Amino acid sequence: MRLLPFLLLVFVSEGLWGQAEFRAVGGPGAELGKAVVPHAEGAFLVATSKLEGSNVLRGYVAHFDADLEVDWTLLIPTSSLQEQVIDAWSSSAGVVSILTQTLDPTNGYTTVIHQLDSTGTFGDVVEPPTPPNFLPIKHVKWQGEMWLVGQMGNHPSAINLYSGEERPWGGVPGTYDKINDAMVVNGVLVSVGSRSQGDSTSTAIWGMYPLGQLAFERIDPDPQAGQWSEATALDLGEEVIRVIHSYETQNDDDSSLLHSLISLHPTTGAVTGI
């Protein structure tokens, strides 16, 4: 069965909500949409495509014009059998930077950034100075520079895109800290994921000051969660940080997976609501 990624664009004009439109497009395999990057003359939809009948993963890009009609689609050229799209952002007018992760038997995981313009022409391909087997999950602008945030061994880490400087956190002895999402709020790098220790996995939320000190750490903040919980995404609301949190309850007879929103103070990380 073929899965179709979707594109939903909301136009804002003169501070008022305008028209919302929906578009769907399918590629040569099963696609998982990762990012929509709009620009003045259209938008890029960036996805990972699993080619039919194989385990090959390729980056897939669809470009839409200003009328939200499909302009072109293409696969990102690569020599790797597995290249997964992680994130994408606008690097200049009409140009998208696509963050991918490749895997090969010799070098393990490698981080790659592709440049692509609105005509479908590829530019530079860059391998940023990330440590071997670093697993990126997001790019952020922090301290006026671009950073890649991801997994390094048993702990999260942020890598400066240009200098390679590393800012790790978490990963205390006997634990495995996994990161799923990150964003910068008031100069603090806020990230979410989970901490595993023994037979339990708990939602984890971290805040990092610009110099690398831990601003806050919230582990297992929901008293309703049982032996397993995890934060998967976050966003900035009105005066709060909202975290999407999935969990199993403490009732052994109920194995249902539940979801909730955790609200945090944007500066102190204090839990203000669940």
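This is a predicted model: local features need pLDDT of at least 70, side-chain atom pairs count only at pLDDT 80 or more; totals for chains, interfaces and linings use all residues.
**Notebook: salt bridges and strand pairing**

Started at Ala43, which sits in strand E4 (residues 42–51). Is Ala43 buried or exposed? Its relative accessible area is 0%, and buried means under 20%, so I put Ala43 down as buried. I also checked Ala43 against Ser90: the two are 47 residues apart along the chain, and their C-alpha atoms are separated by 10.0 Å.

**Salt bridges**

How many salt bridges are there? I get a count of 5. I went through some of them by residue.

Lys138 came up with Asp181: their side chains form a salt bridge, N to O at 3.0 Å. I looked up where the two residues lie, and this pair ties together distant parts of the chain, with Lys138 in strand E11 (residues 135–142) and Asp181 in strand E15 (residues 176–185), 43 residues apart. Then I checked accessibility on both sides. Lys138 has 23% relative accessibility, so it goes down as partly exposed. Asp181 has a relative accessible area of 10%, so it is buried.

Next I took Arg167 and Glu165, whose side chains meet in a salt bridge at 2.7 Å, N to O. Which of the classes does Arg167 fall into? Arg167 is buried, at a relative accessible area of 12%. Glu165 is partly exposed, at 35% relative accessibility.

Then I moved on to Asp177 and Arg195, where I read 2.7 Å from N to O for the salt bridge between the side chains. This pair also links distant parts of the chain: Asp177 is in strand E15 and Arg195 in strand E16 (residues 188–197), 18 residues apart. Asp177 comes out at 0% relative accessibility, which means buried. Arg195 comes out at 11%, and that counts as buried too.

What order do the strands of the E11 sheet take? I read E11-E12-E13-E14, 4 strands in an open sheet with antiparallel pairing. Why does one side of E11 lack a neighbour in the sheet? E11 stands at an edge with a single partner strand, as does strand E14 (166–168), so each has one side left without a neighbour in the sheet. From one strand to the next, the twist averages 25°.

I then zoomed in on the pairing of E11 with strand E12 (residues 145–152), which is antiparallel and runs over 7 bridges. What stands opposite Lys138 in E12? Val149 does.

Strand E20 (residues 241–249) and strand E21 (residues 257–264) run antiparallel and are joined by 8 bridges. I looked up the bridge partner of Arg242 in E21 and found Ser263.

From E21 I went on to strand E22 (residues 271–273): the two run antiparallel, with 2 bridges joining them. How many residues lie between E21 and E22 in their hairpin? I count 6, and Gly269 in the turn has a positive phi of about 75°.

Notes: Residues are numbered from 1 along each chain as its sequence is written. Side-chain values use heavy atoms; hydrogens and water are left out. A salt bridge is a side-chain nitrogen of Lys or Arg within 4 Å of a carboxyl oxygen of Asp or Glu. Buried means under 20% relative accessible area, exposed over 50%, partly exposed in between (1.4 Å probe, protein chains only). Two strands pair if DSSP finds at least two bridges between them. Axes are lines fitted to C-alpha atoms, for helices over the stretch in contact, and angles run from 0 to 180 degrees between N-to-C directions.
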